[in-house]
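Thanks for coming, everyone. Let me put the structure up, and then I'll walk you through a few parts of it.

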Amino acid sequence: MWELLIAAIGVAVPIVTFLWESLVVGRKRLGYRVQLDTRIRVGERPGGPLRLRVGDSDTVLADPTLVLLRVENAGATNVDRGDYAAPDDDKVGLRVTFPQRRVVDMAITELSDAHLEQFFGAESGLDYADSTIDLPRVPLNRKAHYKVLAVLEGIGIEQYPDPVVVGAIKGGVRDGRVLETASRTGPSRRARWVTAFLVLVIASLGVGSLLGDPDPLDCGHGQLVVVGSTAFTPVLRSAAQQYERTCGDTRIAVETGGSADGIERLNRTGGTTAVIAFSDGPKADGYPRLIGRPIAFSLFTLVVHADAGIRDLSTEQIRALYAGEVANWSEVGGNDVDVHLVSRQSNSGTRRALETRVLQRLESAPNSTNCRTLDKLATDQITRCERPSTESVLSAVADVPGAIGYSEAHAAADVAEVVPVRIDGNEAELVKADHHAYPFWETEYAYTFDELPADSLGAAFLRYLTNEVGRDVIRVEGHQPCADLANPVLCQPVK
């Protein structure tokens, strides 16, 4: 909040300064500056200071001084003759007085524009007497100026008072009084202060970004447990780690063990614990309080041990394998190696996707513990074993020659001794699945017990998964965010 306040002040100050300069300082303003005020002497002489003789007279000046006075338009608008605050019949615009000195002679010098000379004629009002010089009403355009050079006689004191300029401009700054200005070559003091202030604002915001609360506006706080799909575990772990780094006071535990187990665990909480369950596909019936949201479109693939000599299987061959009708890979064009089926447990969403979208039947019960040999009481010819996670299925297929299993497609890409299998000539690619050429896919759902409070960690984490950062995590792990599909609400292939 304080960063916004500082930023608002940082914007307001230059605006106020601009308005001040343009509407106040920029109004009509007449100024002057004393550029020279010095005694006329050349060091110390035996007879005392140099004495100045005026003209052909016998008058000798005691303690003579020279004064050079600059009169200038210091505003942003022109000053006309009628702008001088003086009676209409008074030709004098300004009066310059030299306390304790007498004006001996004077001249107008250095006109900023030659046309100004016409305003200093015999009838202009220019005159001097005693200690005062009368200056006429001279119109001055912006930045125009003229100078007055005066010869004065003093009374021999150490320091003479500064000249006094009296006059005013109608509608000018500070009641229109003529103000003494300062000569400068760099930025004004006000500009330097504004620049320093803006540097301070920028530095404060920078320090605030480094030392302040790093939480974004949508950060939740507290603890959250994520359960369910093991196929989606890499996404959940990566997203949880990044979210915890971004949001300080947050702990997200990923405890995935299967889609069905996750749904059941969430249901048992009754909403008393912060839990989100992720499932490969929709939940089964019997959980009316659980609310699902489609998060991603996931691909799965069949995998075989490299020794099987298989790279492509038709849908009919896959169904025959899992029906127990193929005992050796040579029967479907592979090597002379026995078939071993490695499956996920019945609570797996990946297994349910295979059964629903490819096999169109349920898998048979397991008959082997080690995935190599039949158990003692088994009567089948083909070994069938089950493993609890995606990683354990891939590990078993890599260890057992002739083994076939299935997993999330991205997870199988870099496992040695494991070969992904094309289905009907099609690889596991999102674009092919999205156009019904590849059948082994599923929608990844996130389930909550009833609606979560908008300010809860669970709701914030789900929003994180569906924003740009979360979608990037989903893509990196080989899934497709539902938002990328033609129908994000259904998160299914196009029809």
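**Disulfides, strands and helices**

Let's start with the link of cysteine 482 and cysteine 491, which is left-handed, with -90° about the S-S bond. Their sulfur atoms sit 2.0 Å apart, and a disulfide here is a pair of cysteine sulfur atoms within 2.5 Å. Cysteine 482 is buried at 4% relative accessibility, and cysteine 491 is buried at 0%. For the cut-offs, buried is under 20% relative accessible area, exposed is over 50%, and partly exposed is in between, with a 1.4 Å probe and protein chains only.

Before I go on, two words on the background. This is a predicted model, where local features need pLDDT of at least 70 and side-chain atom pairs count only at pLDDT 80 or more, while totals for chains, interfaces and linings use all residues. Residues are numbered from 1 along each chain as its sequence is written, and side-chain values use heavy atoms, with hydrogens and water left out.

Counting bonded cysteines along the chain, the pattern goes 1-2, 3-4, 5-6.

Take cysteine 219 and cysteine 247: the sulfur atoms of this disulfide are 1.7 Å apart. What does it tie together? Cysteine 219 is in the loop between helix 2 (189-211) and strand 12 (222-228), and cysteine 247 is in the loop between helix 3 (233-246) and strand 13 (250-254), so the pair connects parts that are 28 residues apart in sequence. Helices and strands, by the way, are DSSP runs numbered from the N terminus: H or I with at least four residues for helices, E with at least two for strands. The link of cysteine 219 and cysteine 247 is left-handed, at -75° about the S-S bond. Cysteine 219 is buried at 12% relative accessible area, and cysteine 247 is buried at 1%.

Then there's cysteine 371 with cysteine 385, S to S 1.8 Å. Cysteine 371 lies in the loop between helix 6 (349-359) and strand 18 (383-387), with cysteine 385 in strand 18, so parts 14 residues apart in sequence are tied together. The torsion about this S-S bond of cysteine 371 and cysteine 385 is about 100°, so that disulfide is right-handed. Cysteine 371 and cysteine 385 are both buried.

On to strands. Is strand 21 (residues 441-449) largely enclosed or open? 9 of its 9 residues are buried, so strand 21 is largely enclosed by the rest of the structure. In a regular strand the side chains alternate between the two faces of the sheet. On one side of strand 21 you have Trp441, Thr443, Tyr445, Tyr447 and Phe449, on the other Glu442, Glu444, Ala446 and Thr448, and they are all buried.

What does strand 21 pair with? Strand 15 is one partner, antiparallel over 9 bridges, and leucine 290 stands opposite phenylalanine 449 in strand 21. Strand 14 (residues 275-280) also runs antiparallel to strand 21, joined by 4 bridges, and there alanine 277 faces tyrosine 447. Pairing needs DSSP to find at least two bridges between two strands.

Elsewhere there's an open sheet of 4 strands in the order 7-8-5-10, paired antiparallel. Its edges are strand 7 (127-129) and strand 10 (164-166), each pairing on one side only. Inside that order, strand 5 (residues 92-97) and strand 8 (residues 132-136) run antiparallel with 5 bridges, and valine 92 has proline 136 in strand 8 as its bridge partner.

Now the helices. In helix 7 (residues 390-399), 7 of the 10 residues are buried, so the rest of the structure largely encloses it. Those buried residues are Thr390, Ser392, Val393, Leu394, Ala396, Val397 and Ala398. They pack against several elements, including strand 15 (290-305), strand 17 (340-344) and helix 8 (409-412), where contact means heavy atoms within 4.5 Å.

Last one: alanine 260, in helix 4 (residues 259-269). Alanine 260 counts as partly exposed, with 33% relative accessibility. C-alpha to C-alpha, alanine 260 is 4.6 Å from asparagine 347 in space, though they are 87 residues apart in sequence.

That's my tour; over to you.
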